[in-house]
Each structure stands twice: as structure tokens, then as C-alpha cells.
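Welcome, and thanks for taking a look. Here is a short tour of nonpolar surface, nonpolar core and aromatic rings.

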Amino acid sequence: MEIPVAHQSRPDLLGAMCGIAGIVDLAGRRSVPDGVIERMSRALYHRGPDEEGFLRVPGLSMVSRRLAIVGLADGQQPMANEDGSVKVVFNGELFDHIEKRAELRSRGHVLHTHCDTEIIPHLWEESAEGMFERLRGQFAIAVYDVKRHVVTLGRDRFGISPLYWTRQGDWLLFASEIKGLLASGMVTPRADRRGIDQIFSFAAMPGPVTCFEGVSLLTPGHYLQISPCNEGTPDPVIREQVYWRMDFPNEGEENPETDPVKLADELESVLLAAVDRRLRADVPVGAYLSGGLDSSMIVAMACKLKGPAINTYTVRVDDPSLDELSGANQSAKHIGTKPPIVQDFRASDALEMYPQLIQAAESPVVDTSCAALLKLAGRVHANGQKVVLTGEGADEWLAGYPWYKIARIMNALDSIPGLRVSDYARRGFLRASGTPQYPKEYRRSLEKAVGGPNAWIDSYGVLGLSKLRLYGESMHEYRGTPRPWQDLGMDLDRAKHWHPLNRSLWVGARVTLAGHLLQAKGDRVAMHSSVEARYPFLDEEVFDFTSKLHPKWKLNGFRDKHLLRLVAERWLPKEIAQRSKVIFRAPLDSFHLDPSPKFVEELLSEESLRRTGYFDVAAVRHWRQAYKQMRVGSIPRLSMEMGLVAVVATQLWHQTFIDGSLADLPMWKPDLG
């Protein structure tokens, strides 16, 4: 017998939720142990503080946490179709739900709410697993098909909304954050060194492995179907399937259009429509504004559609070489919107915020600017806003990173068939600077894993070199393996037909975008303050258009984002439209001050380093001093600075989730009340 859905809500704040969790009995239809789903829900409170909704049936419990954005008066979850045969909990936004709702009604479906969630059970009625191909937006979804007694988990194409799962004996648990799994009391936190190696390989956590043993991140564009035991199926079936893969045309078959005006018109049209869709909300929508090309374009279009009163937010870093406030003010003045709301960020703030950042991200974080974004999201929340637009995705789709240009130079060196001059140049540079290096075969294995030479191998390699100096004995087996690259799951049969630039774009989107910008720098830091970030450049139509472009419209000589800059000249001052890419970052030296902060000294003490076993104690001690003798701004110094930050972050992650005895810092613990 089904237990009725229970809701606990604040009547003035109802809406689309932003956190889900659940537990499935793989052995049949046993009752879920008391208190499990309630504890999982409490661990996700920050993702949806406005409402809590439960579904409890034999063998299954699910919960949603809502953040009031769409369908303020009637969007309670879980939601069902007319006869209750399909139940859904949902994290995210479906930006075309108004159009989908009209289509469903025209086919006889009866819908009762204004919330985007309600279209999901009706689409499942029509298409079952094929539903995922029809969804447009950012989402993590759990669907319970009552008649089949099957639970299906699905995640959006680009990895905006997170979804983790784990099997613990005869139980499968899922949640929007790993904290939700740990709070169940059924998952013991243990380190997975493969996940730590992903951090040192990519400065990101693209998955499917995580830093927690037995916990997987559902890959973007995938769904996981869970069929418990029943009379016809003596063993449970857990099946992961791809419903969408990032793809590009065969080399030479890209969009043949050569008229820049026509192409600029089309990009402008699809991007403006994407911004318009992401302005749909029953609460005010703000925007991040750095003063760079991407965020300025989004704000300019949002103001065109909504008027100039949109609140914008920016970070002022106290290092003048990293400060973006002047550019943000210039953009705001030209667009005609209010000056941005400014969040100051000092080196001391990085130290203060890092324990909170690691707790939010649930993995080591190498990029110190994530702490600045965590503080900025707090400022958005304090200002009474729940939704912000942001510019991630433009660099991924249109080759905005500087290493694409470096790769072009390296490829030119290799123009003589059979002679890899670039290899000699790299190895000669490392040898001259006294930096250890991997054997030639290692680079070949990485290239093989991603279909050939790739611009990101050198970029990620800056941090990756620190493995050779800092890894301890327990991590030695991971130093020279291509496994992290192989785990990315590139479709090599398709990739061999792509232009080489598009192969690099795929890696950037799969790793840096999904594993860093949308994770530690996106969803996790934003939702920690109950703020939802929306990404117009990650609109499906924007990707479809840019993916088909000839590479010259992405990287024209050494001009990155060429076509976007042509569009930007219509909307922004020329100096902003042509401004070189500036990667938002914060100082790395916050952790290397002399004297070092107390918690850093504790985390890097001989006792703490031996307790975790990840790093070589003598090497960490040596390089904490020796790196200071390296030339400031040099690649060898940057490699060691990043490596040492990664060591601190890994130790801090271990302290936060695994063993709270390393330092005088709080350990995250679930609310067991």
C-alpha cells in the first residue's frame, strides 16, 4: 500500500526544488530503515530550504528539497501523472516547459500546476527512457515507474546538476550531493585514491569516480536504471545507458557558410533566445559580471530583454593584477545597467573560506578562486536573490582558452611528417628547468585515450608534473597511468573523424567545464548559499549551432572566440569585445605564507601526512621551501604552487570527511537527530 506523499512547507515560499535523494531496496520491497531518508534530506537542506516533500512506498523512499523559483504556489514534489503510475523528484529547471506543457495538453494530458516538474511524468508516459532526449535544461531526475517497479536516474547533457549514487549491499542510494549519501548512516566514508588522482590529473573531478570509495558520479548525458528483484527477475539489474553524446561533424563536413554576417546573425539569435529562456522565473534573476566578453554579453542581452534594473555581481580581488572590477564597471556603464554589487576578496578570505569550500565541493579544490565564488554566492543570497545568469560555456564551445593557441604553435612545429619537434621542445624545456618528466610513452598513452594530440594535455600537465615529486608510496601506482583519461569515455570511433580542435573542445567540456566550472566553481558553491546558477551558453541550441561551425570561426589564427567577438561588437565597446581571455583566479600564495596558517601547518605536519599516506613527507617539507627559489611566473614554479595547494586541499578534504584528527578544524558530520 502506498503511503501518501508528505509535505512540510513554508506557505509563502513554494517552488522548484534543487536537491533530491532516495534509497531503493534491490532485494525486493522491504521497508526503508527508519530515519534514513529524513537524514539524507536534512543534509541537503541548503539546496532547497523552502520545502521538503517525501515519497514512501515499499522498497523505495525519495525526497525533494525545493528552492522557490518556478511554480511558487503549486509546485510541490514528488509529482505524478493523472493515475499516479509515474512519480518524480527533480532538481533543476526545464526552460521550455511552457511549450512542452501546451504540447502535452494538445495530446490529451491533464496538467494541474504551473511548475516545470509536472511535465516529466507525462513525458515518461509517452516515451519512458526516451524522455531524456526530449528534455531541455539543467536537471537531475529520479523517476519511479510504479507499474514496472523501476527507478530511473538521469542527468542533463553537460553536467550542470550533480547526481551521485552508491550501492551498499542490497540497497542503492542516490543524492544531489555526497553529503546526502553519508547522512544516511549506511555509507562509511573511505578514500578512493583514483579520485584523488583525478584531482592531480585535471584539477577537476569529472567522474565517474569520486574521492569516496564506492560512490559514483552519474556521467552527464547518461541515465541509470534500477530494477530490483521480483518474481521474474531473481537478481537486481543496475544498467547505465547513454542518451546523448557530445558530437561534432566529420572534419571537412562542418557548416559550409562563409558569410560572417549570416553566421553572426544566427549565433546572436540562438544566444538571445537562450538568455530569454533562462530569465523565466517567478523571482528576480540577477547575473555575474566580470567585465569579460562572456558575462558582458549575457548581461547586455538580459538587460535588452528585461530592462536595465537587473542586479549584477562581481568580485574585487585585492591583487591589482587579478582585479576585474574596472572591467565590470565599464561593461555596466556601456550596457546602461546599475553598477555591479561588489564582493571584496582578500588573501586572508581564501584561508578563511577554504574549509567551507571543501565541505561544499566534497573534493579537494586547487583553484583558489572557487572560494571567491563561494563568498560571492553568499552575497547574492544576502541580497535576497536566488537565481543568477553566468557565462560558462563560451570558452568551451568557441576555443577561448590560451592553450589552444599554444597547441597551434606546437602543431606547426610538427609539420614535418614523422618528426615530433614539439616533444623535443617540451622535454628540453623541462630538462633545462630541472623539472622531472614522464617518459615519452606516457604522453602517447594520453593521446591514445583521447584520439590524438590534445591542447589540454599540456594544460593539465602543469599540475600533473607535481605527482612525480609529491606522491607518496600509496599513490605511486597512479603516477604514470592514463586511467583518468580513459575514464572520460570519449567515443574514439567518432572522435577520429573530428577536426583536432574539436577533440580538444570535447576534453575541455568533459573535464574543466563539467568537473570544475559546473562543480566546484558552479553548482556546489552557489547551492551552498541556496543560489541557482543558469548558463545561457550551455543551451542545447547554442551548442548545436557552435558544434557545427568550421573551426576557423572558433579560433581564427590566434583570435579566439572569433564569431562571438563579431556578435559582441554589436553589443559592447570594442575594447571589451576584443579583450583577451583573462582566467578569473585568486592568489595561490595564501597557503604558502611565512609563517604558514596554523591549520596548514597541522595538515602538513609529518604526523598528518603519514596518517593519510597520500604524499611523500620529506618531499612536501622540501618543496614548501624550495619552490620559493623558482622564478615567479615560471611553469616549474606554477606547477609546484598548484601541487602544494592540491596537497593542502587533499589533506583538508580528508580532515573534513574521513578523519577529523589531522588539524584543529571541524569535521563534517550529518545531523542524526
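This is a predicted model: local features need pLDDT of at least 70, side-chain atom pairs count only at pLDDT 80 or more; totals for chains, interfaces and linings use all residues.

Phe558 sits in the loop that runs between strand E19 (555–556) and strand E20 (559–560).

**Nonpolar cores**

- The largest nonpolar core counts 194 residues, and Met297, Tyr354, Trp397 and Trp485 have the most contacts inside it.
- Helix H28 (residues 635–657) supplies the largest share of this core, with eleven residues.

**Around Trp485**

- Trp485 is buried, as its relative accessible area of 4% falls under the 20% cut-off.
- Leaving aside residues up to four places away in sequence, Trp485 touches Phe202, Leu446, Ala449, Val450, Trp456, Ile457, Tyr460 and Val507.

**Aromatic rings**

- Searching the whole structure turns up 25 aromatic pairs.
- How are the rings of Phe202 and Trp485 arranged? Their centres are 5.2 Å apart and their planes stand at 70°, so the pair is edge-to-face; planes over 60 degrees apart count as such.
- This pair links distant parts of the chain, since Phe202 belongs to helix H6 (residues 193–202) and Trp485 to helix H18 (residues 483–486), 283 residues apart.
- Phe202 is buried too, with a relative accessible area of 3%.
- One aromatic cluster brings together Phe202, Tyr401, Trp403, Tyr404, Trp456, Tyr460 and Trp485.

Methods. Residues are numbered from 1 along each chain as its sequence is written. Side-chain values use heavy atoms; hydrogens and water are left out. A nonpolar core is a set of buried Ala, Val, Leu, Ile, Met, Phe, Trp, Tyr and Cys residues joined through side-chain atoms within 4.5 Å. Buried means under 20% relative accessible area, exposed over 50%, partly exposed in between (1.4 Å probe, protein chains only). Helices (H or I, at least four residues) and strands (E, at least two) are DSSP runs, numbered from the N terminus. Contact means heavy atoms within 4.5 Å. Rings of Phe, Tyr and Trp (its six-membered ring) pair if their centres lie within 6.5 Å; planes under 30 degrees apart count as stacked, over 60 as edge-to-face and the rest as tilted.
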